[in-house]
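Thanks for coming. I will go through one structure today, starting with its sheet and ending at its surface.

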Amino acid sequence: MIEVATTKGSMEEIRPALDAALHRHFPGSVLQRRWEGDVLHLSGSGAHGTIVLEEGRLVGRAHLGMPAAMMRGLLEHKFTAALREAAG
């Protein structure tokens, strides 16, 4: 789980910055994104997860299978950077 504090009050406010940050860190079709209300669902090769806004924090949760589990450190680094960018 990755948590990043934000002063932004809603996912509607965060959404454009989050979409742009994820696109920068995961270009092309490496990461599939799908919004369902205020929940962003993510999936990629061997991984799936969500990003939500909970009590002033962007919270990312992921389940990593193979081959994504082999790149856990890199993925955590990229997701943390993207969440920080989106949080402002």
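Before the sheet itself, one term: two strands count as paired if DSSP finds at least two bridges between them. Keep in mind also that this is a predicted model.

So, in what order do the strands of the open sheet stand? There are 5 strands, and the order is β1-β5-β4-β3-β2, with antiparallel pairing. The edges are taken by β1, residues 2-5, and β2, residues 32-36. Each of these has a single partner strand, so one side of each is left without a neighbour in the sheet. From one strand to the next, the twist averages 15°.

β2 and β3 are antiparallel, with 5 bridges. Trp-35 is placed opposite Leu-40 in β3. The two strands form a hairpin with 2 residues between them, and in the turn Gly-37 has a positive phi of about 65°.

Next come β3 and β4, also paired in the antiparallel sense, over 5 bridges. Here Ser-43 faces His-48, which stands opposite in β4. This hairpin again has 2 residues between the strands. Which residue takes a positive phi in the hairpin of β3 and β4? That is Gly-46, with a value near 80°.

Then β4, residues 47-54, and β5, residues 57-64, pair over 8 bridges, again in the antiparallel sense. Within this pair, Thr-50 has Arg-61 in β5 as its bridge partner.

A helix lies against this sheet. α2 packs on the sheet and touches β1, β3, β4 and β5. The direction of α2 makes about 20° with that of β1.

Is Thr-80 buried or exposed? Its relative accessibility is 17%, and buried means under 20%, so Thr-80 counts as buried. Leaving out residues up to four places away in sequence, Thr-80 touches Ile-2 and Val-4.

The other is Leu-74, also in α2, which runs over residues 72-87. Leu-74 has a relative accessible area of 47%.

Which residues make the nonpolar surface patch? Leu-74 is one of them, together with Met-66, Met-70 and Met-71, and the patch covers about 460 Å².

That is the end of my part.

Conventions. Residues numbered from 1 in each chain as written. Predicted model: local features only at pLDDT ≥ 70, side-chain atom pairs only at ≥ 80, totals over all residues. Heavy atoms only, no water. Patch = residues over 30% accessible without salt bridge, like charges linked within 9 Å, V, L, I, M, F, W, Y side chains within 5 Å. Areas by Shrake-Rupley, 256 points an atom, 1.4 Å probe, with all protein chains shown as cover. Salt bridge = Lys/Arg side-chain N within 4 Å of Asp/Glu carboxyl O. Helix = DSSP H or I, 4+ residues; strand = E, 2+ residues; numbered from the N terminus. Buried < 20%, exposed > 50% of the residue type's maximum accessible area, 1.4 Å probe, protein only. Axes fitted to C-alpha atoms, helices over the stretch in contact; angles between N-to-C directions. Contact = heavy atoms within 4.5 Å.
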